[in-house]
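Student: Could we go through this structure together, one question at a time?

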Amino acid sequence: MHGEPNQLKYTDIHNDVVRSIVETGPNYYIALVTAFALTLICFFFPWFYQLYYGIGAAGMNHPSVWGTYLASFIFWIGLSHSGTLLSCVLHITNSSWRKAMYRSAEAMTLFSLVVAAIMVMVHVGRPWFIHWAAPYPNQMEMWPNFRSPLLFDVMAITTYLTGSTIFIYMGSIPDFAAVRDRTRGWRNTMYSLMSLGWRGTDTEWHRLHWAYTFLAVLIIPLAVSVHSIVSWDFAMSIVPALHQTIFAPYFVVGAIYSGTAGIVTVMFVLRKFMDFGQYITELHFDNLGKLLLVLSLLWTYINVVEVFTGFYSGASGETEALNYRLFGFYAPLYWEMIAFCAIAPLLCAFKSFRTSFVPMLVLSIAINIGMYTERFLIVATSLSRQYLPDAWGLYVPSAVEISILLGTFALFTTLFLLFVKVFPSVSMYEVKETMESPKKSPPAASEGSPA
Amino acid sequence: MNVSIQPALKSLQTAALIAVVAVVGIFVGYFIDFLITDNPEVSAPEQPIAFSHKIHAGDNEIPCQYCHTEARRSPSAGVPSVNKCMGCHNEVATESPLIRQVSEYWENKEPIPWVKVHDLPDFVHFTHKRHVQAGIACQTCHGPVETMDKISVHSRNNDGPTLLASTTGEIMNSETSAVAATQNDHWEMGLCLNCHKQHDVVDGKAVRVDDGGFDNGLDCWTCHK
Amino acid sequence: MSFLDRITEGWRKNRKPGYYEDFDYHWAMTIDLDQCSGCGACVTACQAENNLPIVGEDAFTKGREIKWLRIEHYWEGEYPDVKLNVIPMMCQHCDSAPCETVCPVSATYHNQDGLNTQIYNRCIGTRSCAVYCPYEVRYFNYNDHTWESPLDQQLNPDVSVREKGVMEKCTFCIQRIRQAKDNAKDDGRRRVRDGEVQPACVQTCPSKAMVFGDRNDPQSQVSQSLNDPRSYKVLDELNTNSSVVYLKKVEAEG
Amino acid sequence: MPNIDRRDFIKLVGAGGVGVGAGVVLRESIKHPKEHLIPHVLAPEDYSSGVATWYNSVCSMCSAGCGISVRTREGRAKKIEGNPSHAVNQGGLCAVGQAGLQVLYNPDRLTGPLLQSANRGSDGFTQITWEDGLTRVASRLDVLRAAGRGNRIALLTRGVGGHLAELLESFAEGVGTDQLHHYDYDHPHALYAANERFFGKQHLPYYDLSNTRHLLSFGADYLAGWLSPVHHSLGFANSRHGGDNRGYFVQIEPRMSPSGAAADEWVPAKPGTEGILALGLAHHIVASGHYEGEDINEWKDVLSAYTLEKVAEETDVSESVLRRLAESFANASPSLAIGGDGAGNNSNGVDTLVAINALNYLAGNVGEVGGVIFNPDPAGATSHSRQANYQTLAQLAESARAGEIDVLILNDVNPVFTMPLASEFKAALAQIPFIVSLSSFIDETSALADVILPSHTYLESWGDAFPEQGVGFSIGAVSQPVIAPLYNTKATGDIVLDLARRIGKPMRWDSTEDCIKDGWNKIYQESDANTRTESFESFWTALLKAGVWGKKNHLKTDTSRPNANTIASIGVDAPTFSGDAELYPFVLQPYRSGMHDGRAANLPWIQELPDAMTSVVYGSWVEINPKTAKDLGLTEGDLVDIESVEGAVRAPILVYPAIRPDVIAMPIGQGHTNYGRYASNRGANPLEILSPLVDDNSGNVASNATRVKIVATGKHVEIVKTGGKSRDLGRDIVQTTGGDDHTAQTNSIPITVIPT
């Protein structure tokens, strides 16, 4: 390995990370409060109003009965594919540059999943009955409909959520232990609970590594299945421009794509505001940049395929839907998406671009805007142009919807801010793995450094 | 330095205890309210006139349908009109204070605002006609009304074998009755479902069968609307 | 026979075409487009029978009307050789209905009479059925609807008033079917007579363009009407296998 | 267990308390509210809770007189359906008929007598008692009657048929006035006039659509408003698929109506030239020897002017089309030509309709099955003789201005809305010292009343109807109350009877029911002995049960051959229009949409019923040809002023594919200013700007003869409509098939039998 980490001592890592947890500047609190306030104002208040008034608070209508809520749902599910999936792949492929960033990446997974789950609640008309979608014995002797792709969704997401939670938690146990040993008072109590009495014996390390790898292998297919299944919500319908076999890979690629972009954003933030400069380096941005390039090409290819099938089908419904997407009411959004997700990422071909932080940040944000647009278009354009022209309609999001959309980001940020104060946001022991062992034996006994 | 989880857990015990107490409290509170405020399953609601089914259906063995005449020909069993009450009580027990109340209503030509005890949600379609004609005893769902002074929704928590009166009025026990009491305790979908699964309609009468219920009887639209 | 075999067998049984013919009734409707004048009497009749809300002008502007039965208009040609084709569009009660597979809570399903039914109080409002339905005949309650007193006294007690967040659609006036069956039982008949039950739209149609009845009974008017050479199904290419069959409009030369 | 010190214990107690509280609140919040079971005091015998009861009655939403059966539950009307045994509608019912329930349950209904305590036209009405209201009116009437100036009392009522009409007559007699006017905006005055001139009969004949094989409809929207739409729909359907060969329908009108859409052929002739076109066809029929009667020469003479070339150029319909139409009309047998409002409400309206009668005569359709059949004289009174046309009302207004009217009694009639502004009718009413209204609603006219004595709706009161357009034989039906009155209102008849009593001119009946029964008793007596039931009472019960009475007596007309001077009088001049063709390039066609003449505009179901052609709801619009729109640079939703000589109305543009470029059309019914929450201040009323151009033969205003211009306002509004894109983009949604693929209808329609 090369880069700054080599100049580091193990202790520096500990100090840095623990500092990031223990020492909290006013900026953090300002950030946290703002985020939380925004969450309340932009997310929860509008949502409660909607619960009271009905979905009519949103802009949906007949025939466009789905709207931004579902788009956000897919978007956040997509974002969730950044972390866990990526980190699993990289873990298995032993790409060591992953180690500094994967913790926060996995955290993203977790929180985007949580947000996505909440979006489902926001989306349905009677969330107070949502439990009926879960299979449990009841006096009505009613079971959910196991043929429904939506039910597949519920299953897939809950599984994925559980998987990722265990994964991130298990990965951080040694670090909890490390923090535990460096903190006093309630923190110490908390971390000694969370570290489950980790001692750092060889057996423990052995077991951890084994289980960790096992989970990694387990989660990869899971992650892929999740987004395939999400895509089936649409692909299994017979709506023109949704009823397509390409949808599963389309969604998976899209998911990883936006996820990776998401990681870039978060990396930048961590690097900037928690000065992890030495751990998150050009190297990471360089690699992520390459990844983005590949993914964008894949994504573009699938879009071309989609357009072609639409055009080649010759079916009035398909062509009309396609035509509407490309040149209809929402056309500007479509071309914005193409610009952001197909053209802009080509810049990643240049190393100079990949290794410069701010441009990468801009790109990553642009990509995620584009990806959100994609999800929105999938919902909006196809539903308003279906088989019976006399039933065509137009869907424009309402203020409540937009506010809730922004609110989700605030919610996500809030969760993430809390995370960085609880979890060591850089995996200490794995970063250490990337360093040569020090000349003399490490100072503290139980820092859980690998033998 | 201590790595054990024990001390941490110890220090949390009190907090945990408080939490537990609070949660338990919620359930307790719910149940208390369930018991003390008007809940037809536990305490019968106060009626404008303390009418006793025990006296009428029990002691004097007046058949249910003498007053609830529409049960056999209409979805709703119907509440007897005031003049129906007066029909008897012109002669019977005219001096008792309760009957005086009735006759007051009658003289003022006002209806008696009975409080509804057996209440189904508005999205449920239940027809007394079909069930009565199938020979199902009123008590199957309404419980031993003839033993109740105050009418209340019947839940079979503690009382033993329910006496079931057939629709014609003569008393018989659960063995001989067309339909035995269902096992479900509460006035909810399961109650209907059990019965519909256990019974089949053979030339107009409900008969107990073991292979789950009759063809349309389990369709949601049988009872929902 | 292994457990799996039994599962698969049961599945096939339920998937095989004509599955619903095994049941007592298979309700179906034909609409003769050569007789329909698009007057809209059926629309109002439906609204009166099924407690459809008066949504108000604002809801119409937002495209949130609730009309279980609507008249679609399709112009053809330009002035002066211009024609207007109208077609009443309501739930087609497809025997292989896309909406039924997608509902996560089985709020919509196919019942023994070949009806595509919707249980309002089971619906959680994912609205996916409306997306999956190619006929766009499922309508969603975007908010609670009110009837200005005393208009509420007109509400039909046999049909529940749907609350906010619930999907609703044409039921072939299932409450009338239920009533007819009830009457049949009272007369000790096993079956409902042909023509004994008519949905509100069929009943009121001034030009008698609609026929409703039991497809399983070969003698019924609707069965005969189904054999009409002019009969066709809208969007038949989607294999929804719908129970509403239209009779083609005739273009005669003077 | 940790050792709990005092503070912990307090904490515990506190937590427990909070928990319990939360629990109680929780259940209280989700608990069902208490419900009550309210029994009858004395249960009526025909009542059973949870079981529907059906009552047969008559629909009074328009003059067609369809039979209805009303479903009631727990004493409340729930649904109106057509009475299957009534020959007029045979179970069918139109949207407005269905919406009758909302007349009954309308939130804007008047709940009791009102007195205008502020100045007129304001909403300063105060509740008064019936006693008070009736005495106020009676005293006024009594004074005038006693002074022998009863003629200063005017009665203006909506078209009331049957024995109520007689009741009103004798009331008018009682107070000593001949100023009794029935007024319906859409009463076919021209048609009556034409029939009188050609057939010598002041009746509507029965147009037997169901048996005709070829229909020429001159601007008659017979499926959606003209005379008896439901019965016509039945006939239309039956002619299409009842018999073995399919009827062919031609619609001749400048703007495609629902009937035009349903027809096989739509001929957009110039507005007002329908008669000329008819005579053109007649000319061809005579010339090509399809007609050989001995009066053929007279016909030749009178028709000589109407050669196909000339007609073609006057009507803007190609000669070949005319020839084809003439041929198929003459060859098809039976064939039928009808002329409706589109043709009748022109400057040459009556001549036009006469010409159409002539066409029927020449094609040998008069008195034939599938042609024009004459009804027997209706068993009960009809209102035509008393029907007020534009001139009559204008005179009424005139005499009001001259101060010759002291009291005006209005019954459920709204001329202020339907009369053109030019007539200054509203201003005239202001001159009348005392106005009484018997309407159930506040509308533009009854808002001007001093006293309002609200009457029952037709679902709460007695009445009967003898459909004028009929079914070819005597038919009548009784309208009975289906539910107890909702409010403190009285039946119109009872109010009138009461007034009569109070002015010391009691009539021979003591209630409306009595009056109706009395009338039917006569009918019962006249009925021939062998079909008669044993007693009137049994007849009466049977009548109420069936909801309809009919007698298969057919006036086989003596196809009264028009005499020479009738024939000589035939001829249609070119239509005249008010307004200069240069300044006002377009002819305005106000047409009846779903709202009847506007009286249905306060019914939410009707407001929310998408228009049959444009799927527009709530509000009105201006239909113009796409080409015209293009030339004027207008698109859908552009707000424009429609200006005539008399004034202007404002409405959004709706590009309409099937209307002549030189014509614009607007629906009647919207534009109410004071007609309840659902109708008020919505859309525009085209009738306002009509110029009072009267066809002297009918005395009615030629409502299709006003020229207008379109002035763009630059504003834009969104037209509220349910339809998306109304082109099917080759998706084959509405499929069609060739005429040869015709199949006989499998559901046999009950055909009204016409023995000949």
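Student: Which residues of the largest nonpolar core touch the most other members?

Tutor: This is a predicted model, in which local features need pLDDT of at least 70 and side-chain atom pairs count only at pLDDT 80 or more, while totals for chains, interfaces and linings use all residues. Residues are numbered from 1 along each chain as its sequence is written, and chains are lettered from A and ligands numbered from 1 in the order in which they are written. A nonpolar core is a set of buried Ala, Val, Leu, Ile, Met, Phe, Trp, Tyr and Cys residues joined through C-beta atoms within 7 Å, where buried means that 20 or more other C-beta atoms, placed from the backbone, lie within 10 Å of a residue's own. Of the 435 residues in the largest such core, those that touch the most other members are Leu168(D), Ala278(D), Leu281(D), Ala282(D), Leu359(D), Val436(D) and Val622(D).

Student: Which helix gives the most to this core?

Tutor: Helices are DSSP runs (H or I, at least four residues) and strands are runs of E (at least two), numbered from the N terminus. With 14 residues, the helix that gives the most to this core is α9 (residues 247-273) of chain A.

Student: Why is strand β1 of chain C largely enclosed by the rest of the structure?

Tutor: Trp27(C), Met29(C) and Ile31(C) point one way from β1(C), whereas Ala28(C), Thr30(C) and Asp32(C) point the other way. The strand, residues 27-32, is largely enclosed because the number of its six residues that are buried is six.

Student: Which residue of β10(C) stands opposite Asp32(C)?

Tutor: β1(C) is joined by five bridges to the antiparallel strand β8 (residues 210-214) of chain C. With strand β10 (residues 244-247) of chain C, β1(C) pairs in the parallel sense over four bridges. In β10(C), the residue opposite Asp32(C) is Leu247(C).

Technical notes
Buried ≥ 20, exposed ≤ 12 C-beta atoms within 10 Å, placed from the backbone. Pairing = 2+ DSSP bridges.
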